Amino acid sequence: MISIAHSDADVLICNAGSSSLKLSRWRASDEHLEVFNFDGSSAQIAEALQNYLQRQQSCKTVLHRIVHAGDVEEGPHEITSALTARIRHWQAVASLHNSLALTLIELIQQHWPAAASYALFDSALYSKLPAVSRYYAVPEALSAQWPIKRYGFHGLAHQAQWTLLNQQKTCRRVITLQLGGGCSATAWLGDRPVDTTMGFSPLEGLTMATRSGNIDANVVLHLLDNEAGFTTSSLRRVLNQESGLKGLSGISGDIRQLLACNDEKASLAIAHFCYQIQKVIGSYIAVLGGVDAITFGGGIGENHAVIRNAILAPLENLSILLDEKKNSHAEGLASLHADNSQTEIWLTPVNEAREMLEQFTRYQQRKRKP
């Protein structure tokens, strides 16, 4: 049970993706987390938020999930003009996410000017990655305004998964998989991440619904130099909105539609998606010197047993063994591993709103200490 620092606390948690909005309202009076979800364009999301705010009494506190602001520490950061400027500065790297987040911050401040607003950053979890995994092999002086290194994202989701797992079983070497519209993996040693798949921006890493994930940088340079009609803007759109499962299949970025298709390209897209995750698991096992637990979260990870099986079945020789019945019938927090598996496998439903609320609670408690 969450223990909010002030008994009368009323908190709105605003979790904006690139094309989605999740609003969660914590009412301490009845210890209830009320959730409102909306998918659409940035303009549609802004309109939906305005309609929501007009129907609600104001909150004392608003928490915003922010994707990128460079190097930031974990925990809530009060949203000031300086922090807003910093988020806007990093919009150049996370344009799909930061732009919408800034719009929503402004809307809420206009409607509820007395509410205290805080940002919690998706990249904060990775602020202390080891240097060997944090830096790219490029000259350090390439960019003073946007230092080129691995910032990592989905941090709130990966932290939520790790916390859920360790409430059940203390594990030292852990791989958390956040598989949804955006996808990422994180390797943990003890209670700290030592590597993650997303990097300078949320585009790097695993194949995603509409994002390419890893790609030879020279592909982009080649298209700009040799193919007519390409610009940085058009390529940004292609790599972020027209690639991944959608680009490879030519059908959709929605895994549900691809699974329902009797289509060769849909099957290839799914196989490619699972193969990329297998490669990362293998590399992280090498980094960690083994693996004690693997967790699945996110819309794909939590809801598609066939994908979990496709990812892990080729790893049976590493004694990573799913229990078929457990996997097929799993709902909520659940173990999925067979009795003879040397690695535990868990379904860890991600609740970023709860993670944000718990971080805010700890922040309030620290402030109250003399």
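This is a short tour of a predicted model, stop by stop, with something to select at each one.

Residues are numbered from 1 along each chain as its sequence is written. Because the model is predicted, local features need pLDDT of at least 70 and side-chain atom pairs count only at pLDDT 80 or more, while totals for chains, interfaces and linings use all residues; side-chain values use heavy atoms, with hydrogens and water left out.

**Stop 1: two helices**

Select helix α1 (residues 42-55) and helix α3 (residues 95-111), whose axes lie 10 Å apart at an angle of about 20°. Helices here are DSSP runs of H or I with at least four residues, strands are runs of E with at least two, and both are numbered from the N terminus. Axes are lines fitted to C-alpha atoms over the stretch in contact, and angles run from 0 to 180 degrees between N-to-C directions. The two helices, α1 and α3, are therefore roughly parallel (angles under 35 degrees count as such). Now show the side chains: α1 brings Ser42, Ile45, Ala46, Leu49, Gln50, Leu53 and Gln54 to the contact, and α3 brings Leu100, Thr103, Leu104, Leu107, Ile108 and His111 (contact means heavy atoms within 4.5 Å).

**Stop 2: an aromatic pair**

Next, pick tyrosine 118 and phenylalanine 360. Seven aromatic pairs are present in the structure (ring centres of Phe, Tyr or Trp, the last by its six-membered ring, within 6.5 Å). In this pair, tyrosine 118 and phenylalanine 360 have ring centres 5.4 Å apart and planes at 55°, so the pair is tilted (neither stacked, under 30 degrees, nor edge-to-face, over 60). Tyrosine 118 belongs to strand β6 (residues 116-121) and phenylalanine 360 to helix α14 (residues 352-368), so the pair ties together parts 242 residues apart in sequence. Both tyrosine 118 and phenylalanine 360 are buried (under 20% relative accessible area, with a 1.4 Å probe and protein chains only). For an aromatic cluster, select Trp90, Tyr151 and Phe200.

**Stop 3: glutamine 178 and histidine 154**

Move to strand β7 (residues 173-179) and find glutamine 178, which is buried at a relative accessible area of 10%. Leaving aside residues up to four places away in sequence, glutamine 178 touches several residues, including His154, His158, Cys183 and Val350. Click on histidine 154, in the loop between α4 (131-134) and α5 (155-168). Histidine 154 has a positive phi of about 65° although it is not a glycine, and at 9% relative accessibility it counts as buried.

**Stop 4: helix α7**

Finish at helix α7 (residues 232-241), where Ser234, Leu235, Leu239 and Asn240 are buried. The buried residues of α7 pack against α3 and α6 (217-226).

Key. Angles under 35 degrees count as roughly parallel, over 145 as roughly antiparallel, 65 to 115 as roughly perpendicular and the rest as oblique. Buried means under 20% relative accessible area, exposed over 50%, partly exposed in between (1.4 Å probe, protein chains only).
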